[in-house]
Amino acid sequence: QQTSSLVFYVNGKKVVDPDPDPETTLLQFLRTKLRLTGTKLGCGEGGCGACTVMVSACDTVSNQVRHFSVNACLAPICSLHGLAITTVEGIGSIKHGLHPVQEKIAKAHGSQCGFCTPGIVMSMYTLLRNITNPSMKDMESAFEGNLCRCTGYRPILEGFKSFTKEACALGTACCRNQTKSNGDSNSDRRTVNGSVVSTCNGDALALVNGNGFVDHQAMTNGDNQTTDLLPADSTQDPIFPPQLRTS
Ligand code: FES
Ligand code: FES
C-alpha cells in the first residue's frame with residue numbers, strides 16, 4: 001500500500017509523520033517534536049558526535065539487524081523511513097536504571113560538563129551491539145567521531161576498558177570467565193533483535209555474571225574507595241521492532 005507518511009521507530013515506539021518536512025534533521029525531530037533532549041546539538045555539521053544515536057536496519061538479504069552509529073544532525077528525517085532509532089534515553093536512565101555503558105562512564109569520571117557524554121555512550125553502545133568483545137582498537141575507532149573538550153579521553157577509555165578483549169586477557173573482569181547466564185530470555189532477545197554478536201557468555205554486553213549481575217570491578221572513586229556497579233537489567237536493551245523485519 002502506497003503511503004506518503006514517514007514511519008520509523010524511536011526507542012521501540014512507532015512514530016508516524018503524515019507530512020514530514022524534508023529539511024528537518026533527525027536531531028531537530030528528536031529534540032523539538034519528541035522532546036528527547038538527551039541527544040545534543042554541538043556543531044550541527046557532523047564534527048563533534050554529540051548528536052550520535054544508533055540506527056538499526058534489517059538487512060533484506062540476510063534478515064539480520066545491523067546497527068550503525070549516526071550523527072543525527074546530518075540525517076534528514078525522511079531518510080529514516082522503516083528504520084529503528086535508539087537514543088540515549090532508550091538504553092537507561094536514573095529513574096529506570098542506568099545501562100552499564102552509562103554507569104561506567106560516570107563512575108570512571110569520564111563525564112565532566114557532560115555535553116559529549118550521550119554521544120560517546122551511544123557510540124560505545126552501538127559498538128557493543130555489533131561486537132560482543134571489542135578490542136581497545138575497535139573502541140578507539142568507534143570514538144573517532146566523538147570529541148570531548150573536558151576529559152582528555154583517558155577516563156572514558158579507562159571506564160570502558162572492561163568491555164574489551166584486553167580486559168579479558170587480564171582475567172578477572174572477563175565475560176569469558178563467567179558461566180553462561182543467558183540461555184533464557186536474553187538469548188531470546190538477541191534472536192528477536194538479530195544483532196550481530198559473537199559468542200562469549202552469549203550476552204550482547206558481556207557484562208553479566210551467572211547471577212544476572214554486573215561483574216564487580218575494581219573501579220575506585222576519588223577517595224580510593226572501591227565502588228560496586230549496579231546490577232544490569234538486560235531487558236533494557238531495546239528490541240528491534242518485529243514490524244520492520246523483512247520476513
Ligand atoms: Fe556535532 Fe552532530 S552536533 S556531529
Ligand atoms: Fe565536557 Fe566531554 S565532558 S565535552
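N11 lies in the loop between β1 and β2, where helices (H or I, at least four residues) and strands (E, at least two) are DSSP runs numbered from the N terminus. The structure is a predicted model, in which local features need pLDDT of at least 70 and side-chain atom pairs count only at pLDDT 80 or more, while totals for chains, interfaces and linings use all residues. Residues are numbered from 1 along each chain as its sequence is written, and side-chain values use heavy atoms, with hydrogens and water left out.

Most residues other than glycine have a negative phi. In N11, however, phi is positive, near 50°, and this residue is partly exposed, with a relative accessible area of 24%; buried here means under 20% relative accessible area, exposed over 50%, and partly exposed in between, for a 1.4 Å probe and protein chains only. A positive phi, of about 75°, is also found in Y153, which is not a glycine. Y153 is placed in the loop between α5 (136–142) and α6 (154–160), and with a relative accessibility of 32% it counts as partly exposed.

Helix α1 spans residues 26–33, and within it L26, L27, F29 and L30 are buried. Viewed down the axis of α1, these buried residues fall within an arc of 170°, so they line one face of the helix; the arc is that of the directions from the helix axis to the C-beta atoms. The face of α1 turned away from the buried side carries T32 and K33, which are exposed. The buried residues of α1 pack against β1 (6–10), β2 (13–17), β3 (52–58) and β5 (84–86), contact being taken as heavy atoms within 4.5 Å. After α1 comes R35, whose phi is positive, near 60°.

Helices α3 (residues 100–107) and α4 (residues 117–130) pack at an angle of about 130°, with their axes 9 Å apart; axes are lines fitted to C-alpha atoms, for helices over the stretch in contact, and angles run from 0 to 180 degrees between N-to-C directions. This makes α3 oblique to α4, since angles under 35 degrees count as roughly parallel, over 145 as roughly antiparallel, 65 to 115 as roughly perpendicular and the rest as oblique. The contact is made by V101, Q102 and I105 of α3 together with T117, I120, V121, M124, Y125 and L128 of α4.

Notes:
Chains lettered and ligands numbered in written order.
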